[in-house]
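Open the structure in your viewer and get ready to select residues. We will go stop by stop.

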Amino acid sequence: MSELLVDVEHEQGAFRLAADFAAPAGVTALFGRSGSGKTTLVRIIGGLVRPRRGRVVVAGETLVDTARGIAVPPHRRRIGFVFQEGRLFPHLTVRQNLLFGRWFAPRREPGTEPDAIVDLLGLGHILHRRPGALSGGETQRVAIGRALLAKPRLLLMDEPLAALDDARRAEILPFIARLRDEAGVPIVYVSHARAEVAQLADTVVLMEDGRVTAAGPAAGILAASAAG
Amino acid sequence: MPDWPWPGDWLRPEEWTALRLSLLVAATATAGSLVPGIAVAFLLARGRFWGKTVLDMLVHLPLILPPVVTGYLLLIGFGRRGPIGAFLAEHLGIVLSFRWTGAALACAVMGFPLLVRAIRLSIEAVDRKLEQAAGTLGANPAWVFAIVTLPLILPGIIVGLILCFAKAMGEFGATITFVSNIPGETQTLPSAIYTFTQVPGGEAGALRLALVSIVVSMAALVLSEALARGVSRRLAG
């Protein structure tokens with residue numbers, strides 16, 4: 001069964017987005033040049049942008065259906081969002097940032113324990129710091145942990161490494177790979193970097209000028225797009 | 001007994017009364033303005049509605065009007081026979097004219113623009129992307145306000161409160177016009193100083209109260225600096 005079904009159309013100024021794809025479990029990469037509509041698409045999935053027309057279904061629940069007037073607000077979607085710039089709360093410590101979503105997540109829902117996330121992302125030594133005192137790589141790791149601890153049904157990552165230099169990127173990629181293998185949450189990963197996509201993705205959705213031009217298992221799509 | 005005079009001896013009883021009354025009036029005016037001040041600041045910073053410019057003008061009017069005019073308008077509106085004053089007296093038993101509560105209202109009106117301005121600026125400086133992130137973590141808009149927006153605008157709220165309090169401590173024109181200058185009821189520090197300057201031999205009293213005013217204002221300023229610095233340090237991490 002697909003974890004995520006998307007079939008939407010949207011306009012933003014002169015830009016037109018018309019995307020239709022399904023994502024199975026594992027990491028699905030939205031891959032394409034900047035300006036191809038990837039970010040708008042994840043913002044629609046997360047509920048930050050309301051599409052002009054279409055449907056979004058996550059784990060069998062319809063979150064958006066413009067024909068039926070359904071548009072679940074972001075705070076009821078239980079979709080984690082890791083932004084490019086981290087967006088940690090500056091007035092809270094790392095620990096408080098991590099536990100933020102825990103207060104709002106359904107208590108009985110199974111989810112990864114905070115200690116396990118702290119271990120997984122290597123955050124033990126910075127729990128008492130404030131975001132202002134973190135490096136870019138640490139900030140992104142905390143942002144990932146924070147999103148995971150809200151017990152999301154789906155994790156959206158919008159170019160989480162784009163603001164980092166190569167060394168920091170190399171430092172975080174293994175963490176995300178571990179996340180994919182251990183956390184069991186389906187991930188939609190937006191990127192324009194082929195290397196990241198090749199290392200992380202199970203499924204690739206190739207985007208160009210607001211349309212999906214190809215979708216399928218990572219190896220095949222990446223090989224075809226390299227040849228073309 | 002210590003040699004130095006206990007502060008109670010520095011001031012005469014009626015001067016103490018004026019100081020206590022001033023503090024009560026200013027504290028009441030400031031406390032009462034807080035919630036409406038945050039609400040109006042939010043409307044002005046984030047709202048998009050018809051009449052926003054009018055609201056903005058109304059809030060700021062006491063800054064530019066002669067205080068006597070503001071006091072006179074309050075007298076017309078909230079006096080015993082004024083439309084609002086009559087209603088309050090008849091239905092709620094609240095009388096403002098010639099009472100210390102009226103002085104608090106006058107001070108609140110005069111301090112309100114300063115409070116709103118400081119809070120509004122801090123709201124406009126809040127990164128809305130943080131509020132969006134809080135939403136994706138499951139917080140509904142009320143929670144987002146309470147645990148993200150409010151702590152982030154705290155420095156602005158503190159500055160606004162202190163400005164409002166200082167303005168209320170010094171308010172004279174609107175207060176004396178609306179509630180007069182009744183010792184023990186509406187005679188605040190500025191009114192008492194004014195009274196001293198109008199009677200022969202009042203110079204010493206006027207000077208003492210002027211010193212008290214300076215001390216109170218400086219204390220408020222120092223306190224606000226310390227609080228604002230403490231809060232910003234927390235925000236900076």
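Start at the salt bridge between chains. Select Lys129(B) and Glu85(A): they form a salt bridge, with the closest N and O atoms 3.7 Å apart. A salt bridge here is a side-chain nitrogen of Lys or Arg within 4 Å of a carboxyl oxygen of Asp or Glu. Between chain A and chain B the count is 1 salt bridge.

A word on the ground rules. This is a predicted model, where local features need pLDDT of at least 70, side-chain atom pairs count only at pLDDT 80 or more, and totals for chains, interfaces and linings use all residues. Residues are numbered from 1 along each chain as its sequence is written, chains are lettered from A and ligands numbered from 1 in the order in which they are written, and side-chain values use heavy atoms, leaving out hydrogens and water.

Next, show the whole interface. Chain A gives 21 residues to the contact and chain B gives 21 residues (contact means heavy atoms within 4.5 Å). Together the two chains bury about 1,900 Å², with 68% of it on carbon and sulfur atoms. Buried area is the accessible area (1.4 Å probe) that two parts lose on being put together, summed over both. Now select His75(A), His91(A) and Phe104(A). These supply 33% of the area that chain A buries against chain B, more than any other three residues.

Select Glu11(A) and Arg16(A): their side chains meet in a salt bridge at 3.0 Å, N to O.

Arg52(A) is exposed at 52% relative accessible area, while Arg16(A) is partly exposed at 43% and Glu11(A) is partly exposed at 24%. Buried means under 20%, exposed over 50%, partly exposed in between (1.4 Å probe, protein chains only).

Last stop: cysteines. Select Cys107(B) and Cys164(B). Cys107(B) is buried at 1%, and Cys164(B) is buried at 0%.
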